[in-house]
Amino acid sequence: MAGMPISISVEPTTSCNLRCPECPSGLRSFSRPTGMLQLKHLQLWISQISSHALYLNFYFQGEPFLNPDFLRMVKFATEKRFYVNTSTNAHYLSNEMAEQIVNSGLHRMIISIDGVTQDVYEQYRIGGSLHRVLQGTKNVVQAKRIKKSRTPYLIFQFLVVKPNEHQVDEARKLAKEYGVDEIRFKTAQIYGNPEASGLLPENTRYARYIKNKEGQYVIKNQQLNHCWRMWHSCVITWDGTVVPCCFDKDATHAMGNLQQHTLHQIWFGKLYRHFRSRLLLSRKNIDICANCTEGTKVWTSPD
């Protein structure tokens, strides 16, 4: 359908088993409602978007595998010919789960691995077990091999912060050792003063922020008055709230809700049109744009 989004993110849950210090799920700091996406709602929404959307990202906040219906949702979406991606902290990838993942048709899976030793990993992934992450990765790689499947395409995502930046080269070796397809190094989103957080890496290549002339930390990106996301993608929270992009973690810029309106009505509605106009006039004055990473991600293959 002309003019409708081609890429959509859907939130399976806001729940998470970890307590990462710069994550609303980890901090349990949401002001919006929290909960689990229901399969029947996902099926209804997909019926609305299947005529125009091609890419479905099953992730926003929370750990997707905590939703007991998650892989049923993935399978439903892949059977509707969506390219489906998810992101996980990889604490629930048992042998049985790995087999189900491959059978679901999931196309791509990002595995968060923010350290190559437990003492470093747990400084950001508070409450996490690196052993479980690596074992889970091994289980999925083995399930792919047994079933002679090329999917899911596996990506190690390494969030570079001060405690782990010395392990970047070792992370590349680990990705190759465990047979993942790619490793990506991601800059950290930090709320408040980046310098005071203790997470800002010394290697500026992996920092999202730089100091301005006044000595204040600001985002590297120029806040130009345009954004492709406003015309190509959107995010749907677990309860059907539509927000402009993944930086609106608390859904403070709700464009509407799929429980009351269709996505077509919301996408072309007054709130969305007003938000796009604001962005074209002065993007720097929109709070969720302050930490936008477009253009600041770094990635490489295991080779």
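Six aromatic pairs are present in the structure, where the rings of Phe, Tyr and Trp (its six-membered ring) are paired if their centres lie within 6.5 Å, with planes under 30 degrees apart counted as stacked, over 60 as edge-to-face and the rest as tilted. One of them joins F65 and F70, whose ring centres are 4.9 Å apart and whose planes stand at 75 degrees, so this pair is edge-to-face. This is a predicted model, in which local features need pLDDT of at least 70 and side-chain atom pairs count only at pLDDT 80 or more, while totals for chains, interfaces and linings use all residues. Residues are numbered from 1 along each chain as its sequence is written, and side-chain values use heavy atoms, with hydrogens and water left out.

F65 and F70 also belong, together with F58, to one aromatic cluster. F65 is buried at 8% relative accessibility, and F70 is buried with a relative accessible area of 1%; buried means under 20% relative accessible area, exposed over 50% and partly exposed in between (1.4 Å probe, protein chains only).

Charged side chains also sit over rings, which requires NZ of Lys or CZ of Arg within 6 Å of the ring centre and within 35 degrees of the ring normal.

| Charged residue | Ring | Distance from ring centre |
|---|---|---|
| R32 | F30 | 4.7 Å |
| K249 | F247 | 5.8 Å |

N193 lies in the loop between β6 (182-187) and α8 (194-197); helices (H or I, at least four residues) and strands (E, at least two) are DSSP runs, numbered from the N terminus. N193 is partly exposed, with a relative accessible area of 43%, and its C-alpha atom is separated by 43 Å from that of E96, 97 residues apart along the chain.
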